[in-house]
Every structure is written in C-alpha cells, then in structure tokens.
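Subject: Structure handover

Hi,

Here is the structure I promised to pass on to you.

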Amino acid sequence: SDEDLNIAFESGAKQVTAGSLAVSNPDLFLSWLDKFGSNQIILGADAKEGKIATSGWQNSTDLDILSFISNYVEQGVKYAISTDISKDGMLEGPSFLLYERILEQCADVGAGKKMHLIASGGISHFNELPKLAELGCEGWDWPSVLPWFRAAERNAQHCGALHGQSGPLQVTDQSAPRAISEAFIAACESLQIPRNPDFNGTTQEGAGHYQVPPFFDGPRRGE
C-alpha cells in the first residue's frame with residue numbers, strides 16, 4: 001500500500017522492490033512509479049525458464065520476462081532486479097546469459113528510456129562479480145560495493161580505505177580466542193602460511209582469527 005511505502009522511505013529506505021504486485025496490479029505499480037519516482041521503485045522480475053514467477057516463486061505465469069521488463073521500461077521503469085530461480089542457491093554461478101539478453105533487449109527501448117539491471121542469486125565465487133559488472137549489471141563492481149560496506153561497518157581495530165568506523169554494524173577482534181585456534185594458526189605459520197590479521201583487508205590469504213560482533217551477556221548482537 002502507499003502507507004507501506006511511506007513507512008519504508010521515512011525509515012531510511014532508498015528504494016523499494018515490487019514484483020508480484022507488478023503482475024497482479026499493474027495500475028497500482030504504475031501509480032507508485034508516478035508518485036514516488038522511477039529512482040525509488042524497482043521492478044522485481046524473477047523467472048524460471050524465461051517466465052515470470054510470483055508470490056515467493058510459488059506461482060508461475062505465462063509472462064515472458066523480456067516482454068514483461070520491456071513493457072515497464074517503456075512506461076518509465078529505470079531499475080529492475082531479476083533472479084533466475086533455477087540458479088538461486090545452487091552455487092553454480094549467476095545466469096549470465098539471461099542477464100545479457102535482458103540488457104540487450106530491455107535496457108534501451110529508445111526515446112531516452114534506459115533501465116539499470118540488478119542481478120540477483122546464484123553467486124558462487126567473488127570472481128563472478130566483475131563479470132556481472134562487465135555485462136552492465138548495476139552495482140556489482142568493487143567501487144560500487146565498497147562504499148556500502150564501509151558505511152555499514154563500525155570496526156574497533158581496523159581503519160583505512162577498506163574499513164568503516166561509524167556504521168551500525170559493530171565488529172571487533174575476538175577477546176578470548178581459543179587455545180586450539182592459536183595452535184592451528186601457529187601450525188600454519190610453521191608451514192609458511194602467513195598469519196592474516198584482517199581477512200577483509202588487502203588479502204584473504206593466510207590463517208588467522210575472524211573478527212566478530214560484540215558479545216553482551218552471551219547473545220550475539222548486531223545493531
């Protein structure tokens with residue numbers, strides 16, 4: 001409802017996604033696009049075998065994903081997010097071919113109307129992120145991701161270009177690492193595997209302790 005969107009934006013959300021509703025109630029979706037603006041409303045377009053699925057992927061439709069997205073781009077949609085359901089959670093890599101087809105056929109429908117595509121699901125390795133960026137998917141390149149990471153983090157020990165210190169998510173070194181963990185790291189060092197004090201730093205190679213959220217009276221806490 002309009003009230004739901006107002007609450008989301010007043011709470012600090014920058015964008016809101018609507019997928020199933022864009023299928024079941026296109027007039028309402030377009031009214032949101034007009035009221036809140038095309039930079040705030042993202043079209044959700046999840047599909048299996050090229051057909052749009054709705055209601056948490058429980059319902060299949062006969063809507064072709066390319067036609068579905070193109071139709072809304074022609075009506076002013078600037079952002080779309082798409083998940084290939086057959087790829088999600090499988091750790092087999094994202095649906096590069098699907099995203100390439102969407103960008104080729106839907107991203108520019110003329111009259112100055114362009115669409116930004118956000119790829120979702122299927123990531124199995126960090127190296128797949130630059131490939132998505134090369135295809136033209138929105139927000140998957142390292143320069144795009146890093147500012148959000150830094151804005152979210154409040155790191156008690158590390159600072160600099162790769163860490164944040166004023167975000168809502170607190171992380172810190174372990175206050176009492178287990179002796180067996182220290183023994184394991186020492187064994188790695190004896191095999192010429194370097195100690196790594198920061199796995200979110202310039203290198204992820206080596207052995208060491210992960211940072212953790214602060215603990216208060218036992219339960220894990222992430223504000």
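A crossing of two helices is called right-handed if the near helix is turned clockwise from the far one by less than a right angle, and left-handed if it is turned anticlockwise. With that in hand, H5 passes H6 in a right-handed crossing. Please keep in mind that this is a predicted model.

**Helix packing**

Two packed helices are described by the angle between their axes and the distance between the axes. For H5 and helix H6 (residues 128-135), the angle is about 20° and the axes are 10 Å apart. Angles under 35 degrees count as roughly parallel, so H5 and H6 are roughly parallel to each other.

H5 (residues 96-106) also packs with helix H4 (residues 65-74), at an angle of about 40° and with the axes 10 Å apart. That angle makes H4 oblique to H5. The crossing of H4 and H5 is right-handed.

**Two positive phi values**

Glu49 sits in the loop between strand S3 (47-48) and strand S4 (51-54), and its phi is near 55°, a positive value in a residue other than glycine. Glu49 has 74% relative accessibility and counts as exposed, since the cut-off for exposed is over 50%.

Trp57 belongs to the loop between S4 and strand S5 (59-64). Its phi is positive too, at about 70°, although Trp57 is not a glycine. With 36% relative accessibility, Trp57 counts as partly exposed.

**A nonpolar patch**

Which residues make the nonpolar surface patch? They are Phe126, Trp142 and Val145, and the patch covers about 310 Å². Trp142 lies in helix H7 (residues 142-152). Its relative accessible area is 47%, so Trp142 is partly exposed.

**A buried loop residue**

Is Ile85 buried or exposed? It is buried, because its relative accessible area is 16% and the cut-off for buried is under 20%. Ile85 lies in the loop between strand S6 (79-83) and H5. Ile85 and Ala207 are 122 residues apart along the chain, and their C-alpha atoms are separated by 36 Å.

Best wishes

Notes: Residues are numbered from 1 along each chain as its sequence is written. This is a predicted model: local features need pLDDT of at least 70, side-chain atom pairs count only at pLDDT 80 or more; totals for chains, interfaces and linings use all residues. Side-chain values use heavy atoms; hydrogens and water are left out. Patches are made of residues with over 30% relative accessible area and no salt bridge: like charges are joined within 9 Å, nonpolar side chains (Val, Leu, Ile, Met, Phe, Trp, Tyr) within 5 Å. Accessible areas come from the Shrake-Rupley method with a 1.4 Å probe; for residues, only the protein chains shown count as cover. A salt bridge is a side-chain nitrogen of Lys or Arg within 4 Å of a carboxyl oxygen of Asp or Glu. Helices (H or I, at least four residues) and strands (E, at least two) are DSSP runs, numbered from the N terminus. Buried means under 20% relative accessible area, exposed over 50%, partly exposed in between (1.4 Å probe, protein chains only). Axes are lines fitted to C-alpha atoms, for helices over the stretch in contact, and angles run from 0 to 180 degrees between N-to-C directions. Angles under 35 degrees count as roughly parallel, over 145 as roughly antiparallel, 65 to 115 as roughly perpendicular and the rest as oblique.
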